[in-house]
Structures are given as C-alpha cells and as structure tokens.
Amino acid sequence: MTKSNRNHYLDNFRGFTVISMVVFHLLYNINYYRPIGWYDGTLINKIWQLSIAISFFIISAVTSTILSREKNIKRGIKTSLLGFLISIVTYIFARDQLIVWGVLNGIGISMIIGGLLQGRVNFSINTSLIFIVLFALTYNMNKYGLYRFDFFKLLYDKNLFFLGFPSSSFYSTDYFPMIPWTFIFLAGLGIGSYLNSKNLLGPRGSDNPIAFIGRHAMVIYLAHQVVLYPLVSIFMA
C-alpha cells in the first residue's frame with residue numbers, strides 16, 4: 001500500500017500506540033533497577049498496559065477488514081512465526097525475560113481466526129459489544145479463575161497456555177492467550193466493518209512523523225527492547 005493509498009489516521013493511531021509502548025517499556029526497564037513509585041504495580045501501570053494491548057489488537061483487526069481473507073491468514077501466520085522467534089531468542093539470551101505466547105502470537109492467531117471467519121460471519125457493532133462483554137468476563141481466566149471446576153482444572157493442569165489455561169509452572173513476561181484476547185480482536189472486526197461501511201477506511205489524512213512510526217510498527221516493536229534493555233542496563237546497573 002503506497003503512502004497516497006493509506007489511511008493516515010489509522011497510521012497515526014498505530015504510531016501513538018507504538019510510542020506509548022516504547023515509553024512504557026523504557027519505564028519497565030528502569031523500574032527493574034530503580035523502582036518507580038507511581039509505575040511499579042499500580043493501577044496506572046495496569047490501565048496503561050491494557051490500553052496499549054487493546055489498541056494493537058483493535059488496529060490489527062480494523063486493518064484486516066480492508067484486506068482479503070487469504071492475506072489476513074498469511075499475515076497471521078507470519079506474525080505468529082515472529083512471535084515464536086521471539087520466544088526462542090528470549091529463551092536463549094534472556095531467560096529471565098522469557099516470552100511465551102506473547103502479543104505477536106496472540107495477534108497472529110487472531111488474524112488467522114478472523115481470516116477463516118471472514119465472509120462467513122457478519123461482524124457489526126452489535127457483535128463488537130458481545131465480544132467486548134466476553135473479553136471482560138474471561139479476562140482473569142488465565143489467573144485460575146475457573147480452577148475450582150473439575151473440567152477447567154484439567155485444562156489448567158495440562159498447561160493449555162495458548163488457550164488461556166496456564167499451569168502453575170507456566171512463566172512468560174508477555175502473555176496474550178486466545179481467551180480472552182481473540183474476543184477483543186473479533187470486536188475490532190466489528191468496528192472495522194462499521195467504519196468500512198461508512199467509507200472511513202479509505203485514503204484519508206496526510207503523512208506525518210507519527211504516521212511514519214505507525215507504518216513501521218513491527219520493526220520498531222521487534223527492535224525497541226533490543227536497544228532499550230542494554231542502554232538502561234548500562235546506565236542503571
């Protein structure tokens with residue numbers, strides 16, 4: 001997609017989210033060496049982190065509504081493979097920061113599911129509301145919310161972490177299981193379908209530095225901690 005064919009408002013949204021993520025992780029790294037009172041384990045931290053994650057899922061979903069079924073499935077596979085690569089790299093080089101089924105895996109599998117459902121399910125604002133409710137209801141499920149029920153206890157004990165049923169030994173510093181995160185992606189498909197029906201996802205806005213960052217979100221995501229982590233370690237250790 002050329003610059004002239006892009007929706008720069010969507011790029012701006014993605015760009016602001018990328019900036020928010022980079023600042024959040026910069027503070028995360030600093031906090032590792034020198035606790036930051038207003039950041040460390042606070043409600044502000046949780047809301048900020050959640051806003052970043054939800055934004056990425058919704059942006060990915062909205063973008064999916066203007067792409068073909070085949071392209072969405074291919075994007076999902078590529079994104080998932082990058083997620084698995086990050087797991088391998090963190091396992092080898094930074095095991096204390098191990099990432100298993102992180103945000104790229106969560107978005108990747110959601111893209112695949114969304115692609116498979118494309119043309120078969122009529123996503124709308126109404127379906128978005130349903131999926132948002134499902135997201136809220138299942139948000140704490142991966143924290144053993146259903147462990148007291150025998151059936152779900154079995155799922156947790158089998159460590160089906162990718163579904164949202166991690167065992168007590170499961171560890172990951174970045175974790176986005178299918179339940180609940182696929183629900184927020186499906187909600188985003190409804191939002192995207194609505195915007196598309198109103199012709200709001202075509203070429204709009206003008207290029208700017210924030211949009212540039214948004215267009216290169218994946219590269220920045222993959223590189224930012226590679227740059228930030230050693231820099232903060234040098235200055236704060």
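Which residues do ring pairs link into a cluster? In this predicted model, the cluster consists of Phe84, Trp101, Phe161, Phe162, Phe170 and Tyr175. The structure as a whole holds 22 aromatic pairs. One of these joins Phe123 and Phe131, whose ring centres lie 6.4 Å apart with the planes at 40 degrees, so the pair counts as tilted. Phe123 and Phe131 are both buried.

Tyr175, a member of the ring cluster, also touches Asn142. Asn142 sits in the loop that runs between α5 (125-138) and α6 (150-157). Is Asn142 buried or exposed? Its relative accessible area is 14%, which is under the 20% limit, so Asn142 is buried. Beyond its neighbours within four places in sequence, Asn142 contacts Tyr156, Gly164, Pro166, Tyr175, Pro177 and Pro180.

Helix α3 covers residues 69-93. Its 25 residues reach 36 Å from the first C-alpha to the last, close to the 36 Å expected at 1.5 Å a residue. The buried residues of α3 are Asn72, Ile73, Gly76, Thr79, Ser80, Gly83, Ile86, Ser87 and Thr90. The elements covering them include α2 (43-64), α4 (103-117) and α9 (217-236).

Two aromatic rings have a charged side chain over the face. Arg95 lies over Tyr91, at 3.9 Å from the ring centre. Lys143 is placed over the face of Tyr139, with 5.3 Å to the ring centre.

Conventions. Residues numbered from 1 in each chain as written. Predicted model: local features only at pLDDT ≥ 70, side-chain atom pairs only at ≥ 80, totals over all residues. Heavy atoms only, no water. Helix = DSSP H or I, 4+ residues; strand = E, 2+ residues; numbered from the N terminus. Buried < 20%, exposed > 50% of the residue type's maximum accessible area, 1.4 Å probe, protein only. Contact = heavy atoms within 4.5 Å. Expected span 1.5 Å × (residues − 1). Phe/Tyr/Trp six-rings, centres within 6.5 Å; stacked < 30°, edge-to-face > 60°. Lys NZ or Arg CZ within 6 Å of the ring centre and 35° of its normal.
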